[in-house]
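This report covers one protein model.

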Amino acid sequence: MLTLQDYLSVITLFEERNISRAADRLDVTQPAVTSRLRRIETAIGAKLFERGRNGAIPTAAGTAFVEVARRVMETAAEAAEAARGAARGVGEVLRVGVTQIAARDEAINCLRKLREVAPELRLRLSEAPTAILEQRLAERQIDAAFLHPPLYAGGLTTLPLGERPLERVTYCSTGKDAGEIGYPRGDAPMFTSALERLDMIGGGSESVMAEADTVLGAALLSRAGFGSFIRPAGLETFADQVPESRQILADAPMLETCLAWRTLNRKPGLRALITCATEVARSPKSPS
């Protein structure tokens with residue numbers, strides 16, 4: 001049976017691609033790393049690295065092994081943290097991701113209700129664009145995320161929480177036909193789709209003069225005179241400045257917000273969050 005140190009050794013060698021550097025990080029000798037790797041490969045019946053003048057190059061088996069090994073190390077760390085928390089009389093840690101947009105209403109409402117029903121639960125919140133949060137979910141780095149479909153990773157379940165129209169906003173016009181501020185497709189597929197619809201009604205991809213991976217970044221660029229940008233209607237980015245112009249995009253897709261989680265994740269804290277989110281989703285929505 002492999003030990004956590006075995007998993008750590010393979011992960012370190014995978015990252016360093018060099019036995020000498022891996023040994024330094026692990027604070028052991030090079031022969032010890034070589035011996036351990038040979039024992040691991042014998043135990044699992046597969047060669048994990050091709051070793052030669054170019055260093056230690058992972059095989060397909062090695063890459064697959066490391067992907068799971070990282071999850072093993074994360075699970076072990078969670079187990080230790082859960083035990084320490086139980087010993088101190090505190091609850092489990094629930095890792096939740098959120099986009100800037102979802103943080104406005106949906107996430108707050110769900111987390112407020114969660115606080116009421118599970119006050120012993122500890123939360124670890126991180127903010128990122130949808131694409132990054134989806135990846136973190138798939139890689140088990142977080143337990144749940146408030147984000148915006150469509151999602152593409154397998155093994156995820158989603159709960160729709162609401163939707164809102166998109167609007168085209170300009171904070172500061174420069175008189176130089178600055179054009180549109182874009183979003184990278186990988187980070188914001190819905191916003192990119194909205195921009196493409198604008199192109200179809202008379203714009204063009206050449207009109208995108210700058211890009212930002214968040215709405216806050218796009219608003220910053222707009223204030224600097226780079227042009228207009230797309231955001232959810234009613235999402236006031238700067239409290240101290242009113243946009244020069246704003247227009248609801250009637251033909252653009254609605255922006256949906258949902259709670260997403262790995263279907264097989266059975267954490268009690270996650271189940272509590274899903275229950276709270278379901279109640280929020282069913283409650284009457286006030287006008288934005």
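A search of the whole structure finds 0 disulfides, a disulfide being a pair of cysteine sulfur atoms within 2.5 Å. Cysteine 276 is in no disulfide, and the nearest cysteine sulfur, that of cysteine 110, is 7.6 Å away. Cysteine 276 is buried at 3% relative accessible area; buried stands for under 20%, exposed for over 50% and partly exposed for values in between, with a 1.4 Å probe and protein chains only. Cysteine 258 is also buried, with a relative accessible area of 1%.

The model is predicted: local features need pLDDT of at least 70 and side-chain atom pairs count only at pLDDT 80 or more, while totals for chains, interfaces and linings use all residues. Residues are numbered from 1 along each chain as its sequence is written, and side-chain values use heavy atoms, with hydrogens and water left out.

The protein chain has 9 helices and 12 strands, taken as DSSP runs (H or I of at least four residues for helices, E of at least two for strands) and numbered from the N terminus. Of its 288 residues, 44% count as buried. The accessible surface comes to about 15200 Å², and 54% of this belongs to carbon and sulfur atoms; the areas come from the Shrake-Rupley method with a 1.4 Å probe, and for residues only the protein chains shown count as cover. Among contacts (heavy atoms within 4.5 Å) with a separation of 6 or more, 73% are between residues 24 or more positions apart.

Helix H5 (residues 106-117) and helix H9 (residues 268-282) have axes that come within 9 Å and cross at roughly 125 degrees. Axes are lines fitted to C-alpha atoms, for helices over the stretch in contact, with angles from 0 to 180 degrees between N-to-C directions. H5 and H9 are therefore oblique to each other, as angles under 35 degrees count as roughly parallel, over 145 as roughly antiparallel, 65 to 115 as roughly perpendicular and the rest as oblique. Residues making the contact include Cys110 and Leu114 of H5 and Ala272 and Cys276 of H9.

Proline 149 and proline 150 are joined by a cis peptide bond with omega of about 15 degrees. Proline 150 lies in the loop between strand S5 (144-147) and strand S6 (156-164). Two residues other than glycine have positive phi:
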